[in-house]
Amino acid sequence: MRRVILIAVPYLWLLALFLVPFVIVLKISLSDAAISIPPYTPTLDLSAGWQGIRDFLAALDFENFVWLTQDDLYWKAYLSSLWIALASTAMTLLAGYPIAYGMARAPEEWRPTLMMLVILPFWTSFLIRVYSWMGILSQEGVLNQFLLWLGVIDRPLMILNTNTAVYIGIVYTYLPFMILPIYAALDRMDNSLIEAAEDLGCSRLTAFWLVTVPLSKNGIIAGCFLVFIPALGEFVIPSLLGGSRTLMIGKVLWEEFFSNRDWPVASAVAVVLLLILVVPIVLFQRNQERQQEAEK
Amino acid sequence: MTIKSLALTAVLTLGATAALAEEVRVYNWSDYIDEELLTKFEEETGIKLIYDVFDSNEVLETKMLAGGSGYDVVVPSGTFLQRQIQAGAFQKLDKSKLPNLKNMWDVIMERTAQYDPGNEYSINYMWGTTGIGVNVNKVREVLGEDAPIDSLALIFDPANMEKLASCGVHFLDAPTEMIPAALKYLGEDPDSQDPKVIAKTEAVLSAVRPYVLKFHNSEYINALANGDICVAFGWSGDILQARDRADEAENGVEIAYNAPREGALMWFDQMAIPVDAPNPDGAHKFLNFIMDAKNMAQATNYVYYANGNLASQQYVLPEILEDPAIYPDEDTLKNLYTTTPYPPKVQRVVTRLWTKIKSGT
């Protein structure tokens, strides 16, 4: 009995928080847009009984998915989002690994403080933090003023409203998600392994590549997924920091939903986005399972 | 009565009063009212007012079409109102609860009837034009003394825009405003619903696109006032608010608003009551309060937009009433045009065109 409950809880979780919303979105993606409340047809009319359900199912079709293939906007936006997500994941890794490494190497008594410093930004609203970046990066902003004062530049740099600002925003926002799993992996690492490698003739750098990096692999993978998956569908950062040239699928989805008031096409965009994400999520899951197996 | 039951009664009474406190929820455009009016409404009626703001018709419309927004009064613009009425989003006004309707201005009601036949569902809050705001000195510095600050050529002629890019230009992020203007510039019918005609605007807008710093519906108020940008194509009252803020700041920035001489879009923001409003009775009280001549004048004196309330004009500041940029004279009025909603297929073409212009894709 206990076993059944143990298994049932995560499945119920999955059902309530993932499958049910997904089925609703999928259903809307198969409907047609209409000027009504809600703005699509058909809507399920249970009072008509079986006939109602049959009519409802008959009215659904894949027209909106066909539409997505007919306009190059969509695949360009998917590709551009993939690129931005991949590039910013790589940058976050490059920035996050040394920080995590430094934390793991720091004296034992410093570590809780360092950990605190990484987590501290979460105490402020995400939106406020993005807005402060607008203040830092704008033409009249702190960064430009500082660089002008230093004499490095003679006219303000255009950073806000460009893709550069989007990268800065994503790397900044998701950095803790990269640092924490890598730190967890490095923290558990047995230091005598490095000593052993060095005793056996490895230089410090070779020991790092041959011992430290492979042992933190799971942390790296977990961190990359935690950054990549939300970055791909990111909407707030590109819409606040990015310019109108920043093409990301989150913004396209917003426009379908709000400007075209075409919920069915917006839902189709969301379903495809989910399918794109399912691949890395499944890979991530596999990796986690394998890791757990290995630890047993 | 024991102390315990006394306390219980007290708690119950408190709870009951809290539940009975009447609320009206209003969803209006940002920077669009004198907030003293909100307090005044609460004092006069004893109703608690919850006031939220938005800055695009699209956001409001999505809330309306999703249903259950929880708002009692919302303020869509004409074309959006028309489509939302069609979708069944609003309830008819109970005119017996709106004695102040007598204050409304027949000239404006005739025009708003185009969107809401018989003005059955809405009252006019403010109306205005969409036009060009400039930082006079900066634009003259860049383009010379005879810069065409009252012409669409200022923002649609790449030769002008190339130079203006150095001091910053904002456009509205609203295809329903920008495309009619571009059509007017081309000498076409600004209310054209023909995708082929609409497509002609792509060349005009794409040619000046590289020189536009940002497409946004509200940032230009501050940006103009601070001197961050020198040109904005935006809503009349917002630009006049920028003028006012710059005056107050005494930062040497001089802002001017002009409705384009080629013709300007005239728009109407209408107050309406959602079909599922939790407190339609309170909503009527709010509408009636707003239609009071003095209250409406107070709002206009604050936001620099003309209103659809004739009786309020005796309380409107003379500098506002006599400013042709706000209350246009007969000649300008003739030069104003209105638009109608796009059918869904055309709407898709328009949005797609807009994305293409903005993103280059």
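Biologist: Which domains does the domain assignment give for chain B?

Modeller: This is a predicted model, in which local features need pLDDT of at least 70, side-chain atom pairs count only at pLDDT 80 or more, and totals for chains, interfaces and linings use all residues. Residues are numbered from 1 along each chain as its sequence is written, with chains lettered from A and ligands numbered from 1 in the order in which they are written. The bounds come from an automatic or database domain assignment. For chain B they are domain 1 (3-127 + 268-328) and domain 2 (129-266 + 339-359).

Biologist: Which element gives the largest share of the side of domain 1 of chain B that touches domain 2 of chain B?

Modeller: The contact (C-beta atoms, placed from the backbone, within 7 Å) takes 15 residues from domain 1 of chain B and 16 residues from domain 2 of chain B. On the domain 1 side, two or more residues each come from helix 4 (78-86) and strand 4 (122-135) of chain B; helices (H or I, at least four residues) and strands (E, at least two) are DSSP runs, numbered from the N terminus. The largest share, three residues, comes from helix 4 of chain B.

Biologist: How is helix 8 of chain A oriented to helix 11 of chain A?

Modeller: Helix 8 (residues 163-188) and helix 11 (residues 217-232) of chain A pack at an angle of about 160 degrees, between N-to-C directions of axes fitted to C-alpha atoms over the stretch in contact, on a scale from 0 to 180 degrees. Angles under 35 degrees count as roughly parallel, over 145 as roughly antiparallel, 65 to 115 as roughly perpendicular and the rest as oblique. Helix 8 of chain A is therefore, relative to helix 11 of chain A, roughly antiparallel.

Notes:
Contact = placed C-beta atoms within 7 Å.
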